[in-house]
Amino acid sequence: MSEATMKRLNLGFRFVLEMLVLVALFLFGLGLSDEPLIAVPLALMLPALVMIVWGLFVAPKASRRLEDPVRLVVELLIWFVGVLAFGFAVGWILAILFGMAVFINLGLMFYWGQRGA
């Protein structure tokens, strides 16, 4: 497999990881209350908050994209929140695996110079 293909796959994998953070936050929000009128809005608001922050400050086409190292700190906080959400909502083994996947992906992003993408 060529390096160009691997780079594209890494960017695709990053997108999957970003979506998994939203899923983790949704599941975490659902588990915060036994009352659906509380749990469902929380389950929708938590991912929405992360989408807003990511869209404004982190995404490649963000209107107010932060520069590194501040952007990296914001990203790491969001990834960490995703790990915690998986841990509390689903289980810590999955949370650790998710964190390892994020670590590998981020390492490859630096290695291949994809931080600007």
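**Helix packing and core**

Helices here are DSSP runs of H or I with at least four residues, numbered from the N terminus. The model is predicted, so I noted that local features need pLDDT of at least 70 and side-chain atom pairs pLDDT 80 or more, while totals for chains, interfaces and linings use all residues. Residues are numbered from 1 along each chain as its sequence is written, and side-chain values use heavy atoms, without hydrogens and water.

I then looked up the geometry: the axes of H3 and H4 come within 7 Å and cross at roughly 160 degrees. The axes are lines fitted to C-alpha atoms over the stretch in contact, with angles from 0 to 180 degrees between N-to-C directions. H3 is therefore roughly antiparallel to H4 (over 145 degrees).

For contacts (heavy atoms within 4.5 Å), I listed the H3 side, including Trp79, Gly82, Val83 and Phe86, and the H4 side, including Phe98, Gly99 and Val102. The residues of this contact divide into 14 nonpolar, three polar and one charged. Nonpolar covers Ala, Val, Leu, Ile, Met, Phe, Trp, Tyr, Cys and Pro; charged covers Asp, Glu, Lys and Arg; the others, Gly among them, are polar.

Next I took H2 (residues 36-58) against H3 (residues 70-89): the angle is about 160 degrees and the axes are 11 Å apart. That makes H2 roughly antiparallel to H3. H2 passes H3 in a left-handed crossing. Val50, Val53, Trp54, Phe57 and Val58 of H2 meet Arg71, Val74, Glu75, Ile78 and Trp79 of H3. I recorded eight nonpolar, no polar and two charged residues in the contact of H2 with H3.

I looked up the largest nonpolar core, which has 20 residues; Leu17, Val21, Val50, Trp54, Ile78, Trp79 and Phe98 have the most contacts inside it. Such a core is a set of buried Ala, Val, Leu, Ile, Met, Phe, Trp, Tyr and Cys residues joined through side-chain atoms within 4.5 Å. H1 (3-30), H2, H3 and H4 (92-111) each give two or more residues to this core, and H3 gives the largest share, six.

Leaving aside neighbours within four places in sequence, I found Phe98 in contact with Leu17, Leu20, Val21, Trp79, Gly82, Val83 and Phe86.

Last, I checked Val70, which lies in H3. Val70 counts as partly exposed because its relative accessibility is 47% (buried is under 20%, exposed over 50%, partly exposed in between, with a 1.4 Å probe and protein chains only).

Notes:
Parallel < 35°, antiparallel > 145°, perpendicular 65-115°, else oblique. Left-handed = near helix turned anticlockwise from the far one by under 90°.
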